[in-house]
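Reader: I would like to learn how to read the features of a model like this one. Please take them one at a time, with the general idea ahead of the case.

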Protein chains: 2
Amino acid sequence: MAGFVRELTDRMSAIEYAAASLSFPWQGNESSRDLDAAEGLTLARDILAPEDFPPFDRSTRDGYALISEDSYGASQSNPAFLTIRGEVPMAAVPSFSLSEGECALIHTGGVLPAGADAVIMLENVERTGNWLEIRKAVQKGENIVFRGEEFSAGAILLPKGVQVDFKSSGVLAAAGISKAPVQHVKVGILSTGDEIVPCETRSLNPGQFRDANANILSSLLRRHGYEPVYLGIVEDSKVSLEKALYRAMEECDVVLLSGGSSVSTRDHCSTILESLEAPGLLVRGILMSPGKPTLIAGIKEKQKLVMGLPGHPFSCFLAAYTVFLPLAHAMNTGAIVSPWRSVVLPVSESVFGHSGIEEFLPCALRDGKAVPLPVKSSFAKALGQADGILRLSSSRETVRPGEEVEVWLW
Amino acid sequence: MAGFVRELTDRMSAIEYAAASLSFPWQGNESSRDLDAAEGLTLARDILAPEDFPPFDRSTRDGYALISEDSYGASQSNPAFLTIRGEVPMAAVPSFSLSEGECALIHTGGVLPAGADAVIMLENVERTGNWLEIRKAVQKGENIVFRGEEFSAGAILLPKGVQVDFKSSGVLAAAGISKAPVQHVKVGILSTGDEIVPCETRSLNPGQFRDANANILSSLLRRHGYEPVYLGIVEDSKVSLEKALYRAMEECDVVLLSGGSSVSTRDHCSTILESLEAPGLLVRGILMSPGKPTLIAGIKEKQKLVMGLPGHPFSCFLAAYTVFLPLAHAMNTGAIVSPWRSVVLPVSESVFGHSGIEEFLPCALRDGKAVPLPVKSSFAKALGQADGILRLSSSRETVRPGEEVEVWLW
């Protein structure tokens with residue numbers, strides 16, 4: 001039951017249209033996991049700070065806590081002198097407070113005594129008995145982090161959709177969040193095509209290809225917090241394909257048909273997706289190269305997303321990377337966020353482009369330049385050497401050596 | 001039994017010296033795993049291509065196989081005509097070969113008939129009965145990938161140390177390598193410091209810090225193919241630390257002491273590492289900020305690497321990222337390979353640097369610029385927002401907005 005199908009639309013419009021048509025956050029697939037076990041998965045909800053952080057005014061240095069005004073005007077040639085009131089004990093609130101003209105020895109992480117508003121570093125002072133000679137003015141707040149300065153109780157620490165990894169696990173641990181709510185989005189991978197054989201196949205008959213796409217997709221999905229489910233290779237007939245797809249949709253939230261948009265299977269696939277419940281087929285073809293025959297469909301009520309990806313390993317990867325990942329994230333969080341880091345770099349050699357279509361090529365970084373890698377055959381070797389992909393927007397034609405191009409780094 | 005200890009040396013010299021002193025590939029910790037289960041681990045050996053790939057000359061397009069010379073001079077206004085000899089069946093060797101003036105219908109992935117050396121695409125031809133009108137010249141090899149063109153039998157497909165991920169799993173699958181030999185390097189994480197409490201701790205006493213480093217390190221290690229083993233928090237005394245370290249070395253190939261180079265524990269740590277078996281302590285202090293108090297030590301005969309990392313989460317992360325990762329890779333493979341991608345970008349605001357020391361700051365990418373992120377307190381928030389780290393080499397001082405800096409992207 002296809003509604004309005006967009007034919008050969010540009011990539012961003014395709015993502016926006018599909019995300020708007022299928023704007024469901026996947027429900028009921030959340031679990032609470034120890035940070036260790038949550039690793040690599042994405043946060044199912046916004047994580048709020050349970051308390052002010054840091055919970056106390058803290059020194060960030062070894063030095064002396066003081067009242068900043070007492071140091072004003074102090075210099076090497078004109079030092080100021082303060083009375084040492086005591087030493088701040090580690091892991092305890094100091095029992096004293098500071099009055100004008102007083103200071104206290106403090107260690108990194110130590111709790112600031114009441115009255116103090118700055119810390120002067122050890123190298124800028126000299127202690128003589130109970131007197132401290134100060135040879136530098138310090139500003140209010142210097143070498144201190146105030147209570148709640150990093151975040152205050154109730155603030156969003158990390159938003160939904162962020163992956164638990166080396167960048168985020170430290171924030172969670174520091175805030176005392178030792179269990180994180182994570183999402184389990186199951187993505188089924190169905191390989192199609194009579195020429196495709198399992199990767200275990202020892203020797204190939206002429207014209208056969210081992211199923212590299214399933215592994216590339218599984219790895220890519222896992223890296224971005226999804227749970228891949230390999231559903232095997234299905235023969236190239238409408239009946240088999242339809243049966244396999246419906247079975248896959250029972251088990252999975254998303255189904256990616258790899259090779260499902262190749263010449264021979266494209267028609268079957270398109271017909272089957274057109275007959276899905278609403279909204280059914282949404283996008284037939286995207287103005288990108290490679291990746292043009294990509295199909296997007298879904299069932300809103302059942303919260304299913306189905307995509308037909310090209311058969312060529314680089315094309316298949318590219319459609320998953322530049323269409324599926326942003327789309328699934330947008331459907332789930334409402335925000336379009338790119339999984340890549342975009343930089344602009346000079347290109348090392350000519351890249352032949354055509355206006356009217358967004359074009360992609362794997363590329364390596366070498367000496368600050370983007371080196372395009374050839375993807376001649378139907379193989380994944382170029383991907384193995386790539387640091388990211390080089391993008392020519394639809395308005396760009398051939399690019400000469402030294403001209404700048406957009407590079408999307410993994 | 002410390003040999004020659006390098007004091008406060010530059011980062012690259014420290015890595016090279018330690019790698020040369022501890023040049024062991026870790027032995028006896030290899031297993032063979034299905035690609036799925038190998039995900040995220042690193043290859044224990046060079047992977048050789050078991051066969052030529054592709055195993056046959058293949059078409060990369062739908063079109064007609066022909067002898068390129070027959071098309072020379074053909075154009076829109078001056079087409080050439082060929083006899084259609086037949087159709088190449090999918091997944092079978094064609095039963096015929098081509099002679100001068102002949103061509104054959106072929107599909108993407110089809111095996112080239114003997115005699116043919118190029119494929120012309122469908123859009124450049126018109127078929128009339130048994131005749132093919134050719135409106136474009138094609139070159140020898142056009143739209144074909146030759147047997148062994150991607151790699152020949154016995155060539156190194158992927159070198160030891162490469163991680164099994166979306167970039168490499170496709171190559172392995174395509175080559176029929178469904179099980180990969182992967183390495184298990186166990187890295188023990190020992191947190192030290194009396195102010196450090198487990199991240200589960202609900203409310204902090206003044207001056208206490210939750211152990212964020214253990215999670216940051218675990219995540220970072222896992223991401224780079226190591227197997228982290230969290231060994232808990234050890235109290236800040238020489239006896240306890242030594243006991244914990246020796247126990248850790250029994251179980252693990254590497255031990256990272258987090259916080260083990262803070263002011264209070266630094267001396268204990270340094271003393272303990274000096275007394276290890278040869279070569280013992282190798283590097284005491286690295287000319288980098290943060291990360292200066294980093295220690296490197298090891299026992300060659302027992303194949304153990306031990307490092308003391310700073311206590312501040314960003315410093316701890318940075319020493320692990322810029323010292324441990326390249327060092328462990330170099331010890332294991334003999335090659336110094338950076339885990340980051342280096343680009344040169346203009347900086348969005350001033351960065352205060354000092355000559356004589358290599359300096360690092362987390363930074364985000366925004367509109368093609370490197371935006372330095374403040375790391376004021378002892379916390380990991382900046383890391384959560386970072387796309388990479390900004391590096392000022394030891395010869396650079398303060399950098400003004402718009403000036404270019406080196407950025408190491410994750």
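Reader: Where is A:Pro290 placed in chain A?

Author: A:Pro290 lies in the loop between strand S21 (288-289) and strand S22 (295-299) of chain A. Helices (H or I, at least four residues) and strands (E, at least two) are DSSP runs, numbered from the N terminus. A cis peptide bond joins A:Ser289 to A:Pro290, with omega at about -5°. In chain B, a cis peptide bond likewise joins B:Ser289 and B:Pro290, and omega is about -5°.

Reader: What kind of model is this, and how are its parts numbered?

Author: This is a predicted model, in which local features need pLDDT of at least 70, side-chain atom pairs count only at pLDDT 80 or more, and totals for chains, interfaces and linings use all residues. Residues are numbered from 1 along each chain as its sequence is written, while chains are lettered from A and ligands numbered from 1 in the order in which they are written.

Reader: What radius of gyration does chain A have, against that of a compact globule?

Author: The radius of gyration is taken over C-alpha atoms, and the globule rule is 2.2 Å times the number of residues to the power 0.38. A compact globule of 410 residues would come near 22 Å, but chain A has 29 Å. Along the principal axes, the C-alpha atoms of chain A fill a box of roughly 90 × 50 × 45 Å. Chain A has eight helices and 28 strands.

Reader: How many residues of chain A are in contact with chain B?

Author: Two residues are in contact if their C-beta atoms, placed from the backbone, lie within 7 Å. By that rule 72 residues of chain A touch 72 residues of chain B. H4(A) gives the most to this side of chain A, with eight residues. The residues on that side divide into 33 nonpolar, 19 polar and 20 charged. Here Ala, Val, Leu, Ile, Met, Phe, Trp, Tyr, Cys and Pro count as nonpolar, Asp, Glu, Lys and Arg as charged, and the others, Gly among them, as polar.

Reader: Which face of strand S11 (residues 131-134) of chain B is covered?

Author: In a regular strand the side chains alternate between the two faces of the sheet. In S11(B), B:Leu132 and B:Ile134 form the covered face, and B:Trp131 and B:Glu133 the uncovered one. Two strands pair if DSSP finds at least two bridges between them. Strand S7 (residues 80-87) of chain B runs antiparallel to S11(B), joined by four bridges. Strand S10 (residues 125-128) of chain B is also antiparallel to S11(B), again with four bridges. B:Trp131 stands opposite B:Thr83 and opposite B:Thr128. The hairpin of S10(B) and S11(B) has two residues between the strands, and B:Gly129 takes a positive phi near 60° there.

Reader: How many residues of strand S27 (residues 388-392) of chain A are buried?

Author: A residue is buried if 20 or more other C-beta atoms lie within 10 Å of its own, exposed if 12 or fewer, and partly exposed in between, with C-beta atoms placed from the backbone. Five of the five residues of S27(A) are buried, so the strand is largely enclosed by the rest of the structure. Five bridges join S27(A) to strand S25 (residues 358-366) of chain A in the antiparallel sense, with A:Phe360 opposite A:Arg391. S27(A) also pairs antiparallel with strand S28 (residues 404-409) of chain A over four bridges, where A:Ile389 has A:Trp408 as its bridge partner.
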